[in-house]
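Thanks for making the time, everyone. I would like to walk through a few local features of one model, and please keep the sequence and structure in view while I talk.

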Amino acid sequence: YMKRTQNEKILQIKNETLVVGIDIGKKFQFARAFDNRGLELGKLLRFENSAQGFANLDAWLQGIMQKHEMTEVIVGFEPTGHYWFNLGDHLVACGHKLAIVNPFHVKCARELDDNSPSKSDRKDPKTIAMLVKDGRYRDVYIPVGAYQELRELVCERERLQERLSALKNQIVRWQDIYFPEFTTVFKDWSKQAAWLVLRHFSTPQKVIDAGAQEILRTWREEMKRPSLKRAERLCLVASQSVGRKEGTMAAISSLQFVMTEYELITMRLEQLKEEMAECLSQIPNAYRLLSIKGMGVVAVAIIISEIGDISRFTDPRQLIKYAGLNLRENSSGKYKGKTTISKRGRRRLRLGLFQAMIPILATNAEFRALHKRNTTRSQNPLTKMQSLIALCGKLLRVTFALLTKGIAYDPEKLALETTTDTVHAA
C-alpha cells in the first residue's frame with residue numbers, strides 16, 4: 001500500500017514540474033529549484049519572511065518556470081514549528097502544491113551528497129527537494145473554516161491546561177511554605193471552603209486573628225452548609241503552624257494574583273468548551289460521535305480537530321497510521337522483539353484518543369466488553385495498556401464510519417461484533 005502511494009507521488013513529478021526545496025527560518029528562508037531528474041535550475045534564493053520577501057520568491061519562481069517551460073510547482077519543506085504557516089498560506093493562494101518532508105529523513109539523507117553530516121542553509125533545501133522528487137513526502141493539509149477554528153480552540157485549551165497545572169503547583173508550594181497544616185483540614189484547596197479561606201485568611205496569623213466565628217460568617221455568604229467544627233479545627237492548626245512568618249505580605253499578594261489568574265483560566269476553559277460545541281455543530285456528522293457513551297465535547301473536538309476533513313481519508317487504516325497507532329515490528333533473524341505502535345503520527349490525536357478512552361471504559365458497556373475480551377482471551381491475551389491502545393484504534397474505526405457514512409452509532413452492533421469475535425476465538 002505504501003509503495004503504491006509513493007509511486008503515485010513520484011508520478012506527480014512530471015517534466016513540467018518544478019521541484020523547490022525551502023529551508024524554513026524565523027526571519028529568512030532559503031530556496032533551491034530542481035527539475036524531475038534532480039538537475040538544479042537557477043541560483044539559491046534567500047528571501048525574507050515578509051510581503052516583499054514573498055514577492056521576491058514569486059518572481060524567482062516565475063522566472064525559472066518561464067525559462068524552462070514549466071507549468072506547475074511543488075514546494076517541499078520541513079514542518080519547523082509555526083514559521084511555515086504564513087509562507088504556506090501564500091504558496092497555496094498562488095496555486096502551488098505543498099509537500100512536508102520528515103525532519104528525520106532530512107537528517108538521514110543529508111550525507112548523501114558530500115558524505116558529511118554538516119548542515120547549512122545551502123545544503124538543506126537541496127536535500128528536501130530530492131526527497132520530494134523521490135516521493136518521500138506527505139501532502140500538506142491546511143484546515144479551513146470550522147476545522148481551523150476547532151484546531152485553534154484545541155491548541156488554546158492545551159496551552160491553558162499547561163498554565164493551569166503550573167498555577168496549581170504554585171499554590172501547593174505556597175501552602176507548603178506558609179501554611180503546611182492547611183491540608184490537614186482541607187483535602188482539596190480548590191473546593192469552595194478552602195478557596196474562601198485562601199482568599200480571605202491566607203496565613204495562620206490571619207486565621208487566628210479572624211477566629212472561627214468570622215470564618216464561619218464568611219463561609220455563610222457563599223456556602224449553604226458551612227461547618228463550625230471545621231472552622232474551629234482550622235483555628236487550632238493555625239495556632240500550631242510552623243509556616244514561615246517573614247515576607248508574608250508579599251507572599252499573600254502573590255497568592256492572590258495566582259488565584260485570580262486561576263479563576264480567569266477556569267472561566268476561559270468553560271468558554272472554550274462552548275465555542276468547541278459551536279464549531280462541531282458546523283462539521284457534518286460530528287454530533288454523531290457524541291452519541292458514543294463516554295465521549296464529551298472536548299474529546300470529540302480534539303479528535304476531529306486533528307483529523308480535519310475526513311474526506312481526505314479513504315480507509316480507516318490510513319487514519320490509524322495518521323495517528324501513529326499502526327504496529328511496528330522489531331525483529332532480525334532469530335531475534336524477535338516486541339511489537340509496538342510506531343508513534344509516527346499526530347501526537348495530540350493519540351493523546352486525545354487515550355484520554356477519551358478512560359471515561360469510555362468507565363461508562364460504555366460495549367467498549368468495556370471489548371476490553372475484557374482483549375485481556376482475558378485464551379490466545380495471546382493483551383495487557384491492560386495494550387488493550388487500551390487497541391481500543392483507541394477501534395474508536396478511530398468507529399469514528400471513520402460515523403463521519404464518512406453519516407450513520408448513527410449502534411451499541412448493539414459493536415456488542416454483537418464482540419460476541420462473534422469471542423465465539424471465533426473459542
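Which residues of helix α8 are buried? Before I answer, please note that this is a predicted model, where local features need pLDDT of at least 70, side-chain atom pairs count only at pLDDT 80 or more, and totals for chains, interfaces and linings use all residues. Residues are numbered from 1 along each chain as its sequence is written, and side-chain values use heavy atoms, with hydrogens and water left out.

In α8, residues 192–200, the buried ones are A193, A194, W195, L196, V197 and L198, where buried means under 20% relative accessible area, exposed over 50% and partly exposed in between, with a 1.4 Å probe and protein chains only. Helices and strands here are DSSP runs numbered from the N terminus, helices being H or I with at least four residues and strands E with at least two. Those buried residues pack against α6, α7, α9, α10 and α11, contact meaning heavy atoms within 4.5 Å.

E149, which lies in helix α6, counts as partly exposed because its relative accessibility is 49%.

N285, in the loop between α11 and α12, has a positive phi of about 70 degrees although it is not a glycine, and at 18% relative accessibility N285 counts as buried. K343, in the loop between β10 and α14, also is not a glycine and has a positive phi of about 60 degrees, but K343 is exposed, with a relative accessible area of 56%.
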